[in-house]
Amino acid sequence: MLSRVSGHFREQAQACASLGSPMYADLVARLADDIDAGGATAEVLQGHEDDPGPSALALRLAGTVHRLVLERRAGELATCYPSVGGTWDLGTAWPLLERLLRTEAEAIREGLDQAPQTNEIGRAAALVGGLLRVGETYRLPLRLMEIGSSGGLNLNADRFAYTGGDEVLQGPADSPVRLTDCWCGRPVVPWPDLEVVERLGSDLAPVDVATTEGRIRLTSYVWPDQHARLERLRNAFAVAEEHPVEVRRADAVSFVRDIELREGTTTVLWHSVMWQYLDPSDQQAITARIEALGEAATPGAPFAHLALEPARRTPEADHEFLVSLRLWPGGESRIIGATGGHGLPTTWE
Ligand SMILES: C[S@@+](CC[C@H](N)C(=O)[O-])C[C@H]1O[C@@H](n2cnc3c(N)ncnc32)[C@H](O)[C@@H]1O
């Protein structure tokens, strides 16, 4: 039912407007009109009429077109994409995009089958803020273990600069990644000599950020007029180039099963915006392993579970992006902050 698909595109267009992408608000609404008119968009989407809403068809299509732009395969359309120096203008872009939907139909159809995959650097603000909260109790060297790491860029989060006004609150002042005005609410307690002695990521489909293909993949799903997100991503690639981090191809359950604690260090298992992709049985298995690691923790080998995930505070409440922390020995569960989907700013409680 194409009217269902165009309805999904219209909802996505509104979401893009409220999440700060006027360009995608325009573009996705125009695609919806073209679906209703039975144009090139309707043709390229044939076979996807019954896709469920959460498969984010509009973002798959927009992301695939953006990838073609980044790969210099979209001709003059690039002049309308701010991510490659262009200026967005719907009137100029539409005929060029309509042509692309026909000339690159095969590549676009292939792209529609891929799940959008991002690695959101702004979420490091929530994760590192969580580490500072751990540091209020234990100031041992840290081991960072992550599930759903994507490209693993946030495993270098301690190498980013976290600022408030002109002041660097945490991290090296000369870092190419600067998360500006990243924290509000309860004041953070800086940890100047925070040391990460081990970092290891995992993902069902890891993105190799050492390759052009991997970098284009992650960039293509960032909305092209969101300069700050694009800049953070580019700069995080630079940090990863200097400090490559291993991201294992592994499902979250088996990765967590292999985690052990180590004396003289705090082991941290963290994740951001990945829990919703796990089957309930996998969520249960991971939670059971977290409890077991918590039981095994001692003051000489503490364990922390730090998460930034969409969740509700109460069954009736709306979803929020909540930062939660459990720290063992003890293991009391606490919501320590809340943020937007892209992590900035994080408000501490
Ligand atoms: C929305 S992305 C978030 C990536 C990253 N954590 C961030 O915040 O930018 C979700 C990631 O979870 C991964 N993922 C989904 N299901 C998984 C599973 N069962 N085990 C491991 N990773 C999984 C996906 O491949 C994807 O890279």
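Biologist: To begin, what share of the residues in the protein is buried?

Modeller: Buried residues account for 52% of the 349 residues in the protein, where buried means under 20% relative accessible area, exposed over 50%, and partly exposed in between (1.4 Å probe, protein chains only). This is a predicted model, in which local features need pLDDT of at least 70 and side-chain atom pairs count only at pLDDT 80 or more, while totals for chains, interfaces and linings use all residues. Residues are numbered from 1 along each chain as its sequence is written, and side-chain values use heavy atoms, with hydrogens and water left out.

Biologist: How many helices and strands are there?

Modeller: The protein has eleven helices and twelve strands; these are DSSP runs numbered from the N terminus, with helices being H or I of at least four residues and strands E of at least two. Its radius of gyration is 21 Å, close to the 20 Å of the globule rule for 349 residues, so the protein is as compact as a globular protein of that length. That radius is taken over C-alpha atoms, and the rule is 2.2 Å times the number of residues to the power 0.38.

Biologist: Turning to the ligand, which residues come nearest?

Modeller: Of the 17 residues around the ligand, the nearest are Gln117, Glu120, Arg123, Asp203 and Ser272; a residue counts as near if one of its heavy atoms lies within 4 Å.

Biologist: And what does Asp203 do there, in terms of distance?

Modeller: An N or O atom in the side chain of Asp203 is 2.6 Å from an oxygen atom of the ligand. The protein covers 90% of the 600 Å² of accessible area that the ligand has on its own, by the Shrake-Rupley method with a 1.4 Å probe; for residues, only the protein chains shown count as cover. For Glu120, a backbone N or O atom lies 2.7 Å from a ligand oxygen atom.

Biologist: A change of topic: where is Ser149, and is it buried or exposed?

Modeller: Ser149 sits in the loop between strand 1 (142-146) and strand 2 (161-164). At 1% relative accessibility, Ser149 counts as buried.

Biologist: What does Ser149 touch beyond its neighbours within four places in sequence?

Modeller: Its contacts (heavy atoms within 4.5 Å) include Asn119, Gly201 and Asp203. Separately, a polar contact of 2.9 Å joins the side chains of Ser149 and Glu146. Such a contact is a pair of N or O atoms within 3.5 Å; within protein, one must be able to donate a hydrogen and the other to accept it, and residues adjacent in sequence count only if both atoms are side-chain atoms.
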